[in-house]
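Subject: Structure for your files

Hello,

Here is the structure you will be working from. Please look through it first; my notes on what was found follow below.

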Amino acid sequence: MTTTNATTAATTNEINAPEHTPRLAMMELAPEVYKAMVKLDQAARRHLDPVLLELVKIRASQINHCAFCLDMHSKDALAAGESVERIVQLSAWEESRHFYTEKEIAAIELTEAVTVLTDGFVPDEVFEKAAKHFEETELAHLVAAITVINAWNRFGVTARLVPGHYTPGSLKH
């Protein structure tokens with residue numbers, strides 16, 4: 001139980017559910033894959049605003065139900081200067097568009113389209129809207145960053161990584 005959870009539980013006289021244990025230690029068992037993913041992540045983030053990048057990572061992680069990545073990228077977003085309000089509203093961004101710039105909305109829409117490929121494909125209008133707000137190099141890196149966070153989410157969800165213990169910057173290489 002984290003300190004925050006222990007404090008909350010002590011205040012309400014309730015006991016939180018126990019933490020689950022991870023299924024798989026990906027970093028230790030597949031270190032070459034982990035290192036390659038870190039390098040891919042570093043390459044993808046080039047040319048992108050760090051705050052916008054965290055919004056994209058949070059939104060993909062919400063869709064993919066990756067609690068570990070939600071914990072990590074919410075904390076990283078706060079450390080990069082993002083507001084709690086914008087992070088909280090992100091899951092309902094369509095009803096709270098006024099919290100975001102048109103460029104951020106285009107990135108969020110593209111994130112959703114790339115993340116939920118089971119709905120078909122990335123619609124032309126979504127891609128064209130993003131292309132209006134991002135230079136080609138920036139757009140290519142945005143698509144790469146969305147692809148990378150989706151891969152991280154799949155590792156996190158499958159390995160059942162435990163959220164709540166991440167400290168901003170502690171996994172940066």
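A word on terms before anything else: helices are DSSP runs of H or I with at least four residues, and they are numbered from the N terminus. In that numbering, Thr 147 belongs to helix α9. Please keep in mind that this is a predicted model.

The chain as a whole

The protein chain has nine helices and zero strands. Read from the N terminus, the order of elements is α-α-α-α-α-α-α-α-α. The C-alpha trace spans about 50 × 40 × 30 Å along its principal axes. The radius of gyration of the protein chain is 17 Å, which agrees with the value near 16 Å that a compact globule of 173 residues would have.

Of the 173 residues, 39% count as buried. Among contacts between residues at least 6 apart in sequence, 71% join residues at least 24 apart. As for charge, the protein chain carries 16 positive and 24 negative side chains, and the centres of these two sets are 6 Å apart.

Helix α9

Helix α9 covers residues 136–159, and Asn 153 is part of it. Is Asn 153 buried or exposed? Its relative accessible area is 1%, so Asn 153 counts as buried, the cut-off for buried being under 20%. The side chain of Asn 153 makes a polar contact with the side chain of Asn 64, at 2.8 Å. Leaving out residues up to four places away in sequence, Asn 153 touches Ala 60, Ser 61, Asn 64, Cys 66 and Cys 69.

Thr 147, also placed in helix α9, is partly exposed at 45% relative accessibility. Between Thr 147 and Thr 111 there are 36 residues of sequence separation, and their C-alpha atoms are 8.8 Å apart.

Helix α7

Thr 115 is located in helix α7, which covers residues 102–115. With a relative accessible area of 8%, Thr 115 is buried. Which residues does Thr 115 contact, leaving aside its neighbours within four places in sequence? They are Ala 60, Ile 63, Asn 64, Ile 146, Asn 150 and Arg 154. Ala 60 and Asn 64 are in the contact list of Thr 115, and they are also in that of Asn 153.

Lys 103 is placed in helix α7 too. Lys 103 is partly exposed, with a relative accessible area of 29%. The side chain of Lys 103 makes a polar contact of 3.1 Å with the side chain of Glu 138. Not counting residues up to four places away in sequence, Lys 103 touches Leu 52, His 133, Phe 134 and Glu 138. Lys 103 and Lys 129 are 26 residues apart along the chain, and their C-alpha atoms are separated by 8.8 Å.

Helix α8

Phe 127 sits in helix α8, residues 124–133. At a relative accessible area of 38%, Phe 127 is partly exposed. Its contacts, neighbours within four places in sequence aside, are with Leu 110, Val 122 and Leu 139. Phe 127 and Ala 113 are 14 residues apart in sequence, with 8.9 Å between their C-alpha atoms.

Loop and end segment

Which residues have a positive phi without being a glycine? One of them is His 47, with a phi of about 75°. His 47 lies in the loop between α3 (31–45) and α4 (50–64), and at 47% relative accessibility it counts as partly exposed. Arg 160 also has a positive phi, of about 55°, and is not a glycine. Arg 160 is found in the segment after α9, and it is partly exposed with a relative accessible area of 33%.

Thr 167 is likewise in the segment after α9. Its relative accessible area is 48%, so Thr 167 is partly exposed. The C-alpha atoms of Thr 167 and Asp 76 are separated by 8.3 Å, although the two residues are 91 apart along the chain.

Regards

Note on methods. Residues are numbered from 1 along each chain as its sequence is written. This is a predicted model: local features need pLDDT of at least 70, side-chain atom pairs count only at pLDDT 80 or more; totals for chains, interfaces and linings use all residues. Side-chain values use heavy atoms; hydrogens and water are left out. Helices (H or I, at least four residues) and strands (E, at least two) are DSSP runs, numbered from the N terminus. Buried means under 20% relative accessible area, exposed over 50%, partly exposed in between (1.4 Å probe, protein chains only). A polar contact is a pair of N or O atoms within 3.5 Å; within protein, one must be able to donate a hydrogen and the other to accept it, and residues adjacent in sequence count only if both atoms are side-chain atoms. Contact means heavy atoms within 4.5 Å. The radius of gyration is taken over C-alpha atoms; the globule rule is 2.2 Å times the number of residues to the power 0.38. Lys and Arg count as positive and Asp and Glu as negative; His and the chain ends are not counted. The place of a charge is taken as NZ of Lys, CZ of Arg, CG of Asp or CD of Glu.
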